[in-house]
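Please look over the sequence and the structure below before reading on. The briefing that follows is meant for a reader who has not seen this structure before.

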Amino acid sequence: MDIDDLKARILAGERRALARAITLVESGRADHRADALRLLESLKGHGREALRVGLSGTPGVGKSTFIEAFGLKLTAQGLKVAVLAVDPSSARSGGSILGDKTRMERLSRDKGAFIRPSPSQSQLGGVARRTREAIDLCEAAGFDVVLIETVGVGQSETMVAEMSDLFLLLLAPAGGDELQGVKRGIMEMADILLVNKADGELKRQAIRTCADYAGALRLLRKRPQDPEGFPKALPVSALEEEGLQKAWDEMTALADWRRAEGHFAARRAAQARFWFEAEVRDRLLARLVREPLKGAMRSMAGQVENGEISPSAAAEELLRAHLMLE
């Protein structure tokens, strides 16, 4: 593969080259991984910076509808928008539907937008294994905003927060005690809570729910990376496209404040360290399913099953012998 040619085409903003590069970084083949690393290293220092926005929410809250309406609002302002949508993979077959382009039909036809669905495969956290590298490629290709949609609520918040500049949590209008069902950790992680479906019969309930969340947010400990008034809760209607401009204005105001105060660059530096450490852990775990460690584990497991050695002692012996641990 001609990496220099692919690099030039990505920097020129060619969508086909960008799609090919993302396929390359997602590949599990050793030769493809070597090419992907060469490409990513060659693109370092391109000087382009996109606003990376992570988005999560429970299934059925309207994430795809919101992203389409929000993306169209941004492209209408002349911004280039990339959407990296992660679909859950089947635990049985490993397959994914990858239907985001179907659900975002209007946005997928917009010349200012690029939508890339990826399977989550076995990766925890609701993001694909190489989503972070796909973000770097979209940034190099000149996109102004990169939206990262996760599979759903759970560990995904932690993972997407470590690869985005802003984290949005999309919520549905709740009733009664449903506010109690939202985990405190998720609310502490979000920069902006968006209560969707604030239209029709649900509008009054959505506004009331938004007020409930706003009250809950005031009880949280203030974070150093937030100006006065953040994090905050806002009502939006993806269906009627209401509140989208207000949400974007709040996002840009928060991002601008963090840049001016130095939090933006510091956060990206901390994220780079997080992903370095994660990559080391992943590489070490990958050795467990390859020979000779795979065979050694199988042999040692047999001894553990027969009661010849305890699990802890077996693990210690295996790691000392094969990973040269002290």
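Once neighbours within four places in sequence are left aside, L193 is in contact (heavy atoms within 4.5 Å) with L169, L171, M187, Y213, L217, K232, A233 and L234. This is a predicted model, in which local features need pLDDT of at least 70 and side-chain atom pairs count only at pLDDT 80 or more, while totals for chains, interfaces and linings use all residues. Residues are numbered from 1 along each chain as its sequence is written, and side-chain values use heavy atoms, with hydrogens and water left out.

**Nonpolar cores**
- A nonpolar core is a set of buried Ala, Val, Leu, Ile, Met, Phe, Trp, Tyr and Cys residues joined through side-chain atoms within 4.5 Å, where buried means under 20% relative accessible area, exposed over 50% and partly exposed in between, with a 1.4 Å probe and protein chains only.
- The largest such core has 48 residues, and L193 is among those with the most contacts inside it, together with I10, L39 and L137.
- Helix 2 (residues 15–26) gives this core its largest share, six residues; helices are DSSP runs of H or I with at least four residues, numbered from the N terminus.
- A second, separate core of 35 residues includes V61, A113, A238 and F264.

**Helix 7**
- Helix 7 (residues 131–140) is mostly covered, with eight of its ten residues buried, including I135, L137 and C138.
- Just after helix 7, G142 takes a positive phi of about 95°.

**Cysteines**
- C138 counts as buried because its relative accessibility is 0%, and C210 counts as buried because its relative accessibility is 6%.
- Zero disulfides are found in a search of the whole structure, a disulfide being a pair of cysteine sulfur atoms within 2.5 Å.

Conventions: Helices (H or I, at least four residues) and strands (E, at least two) are DSSP runs, numbered from the N terminus.
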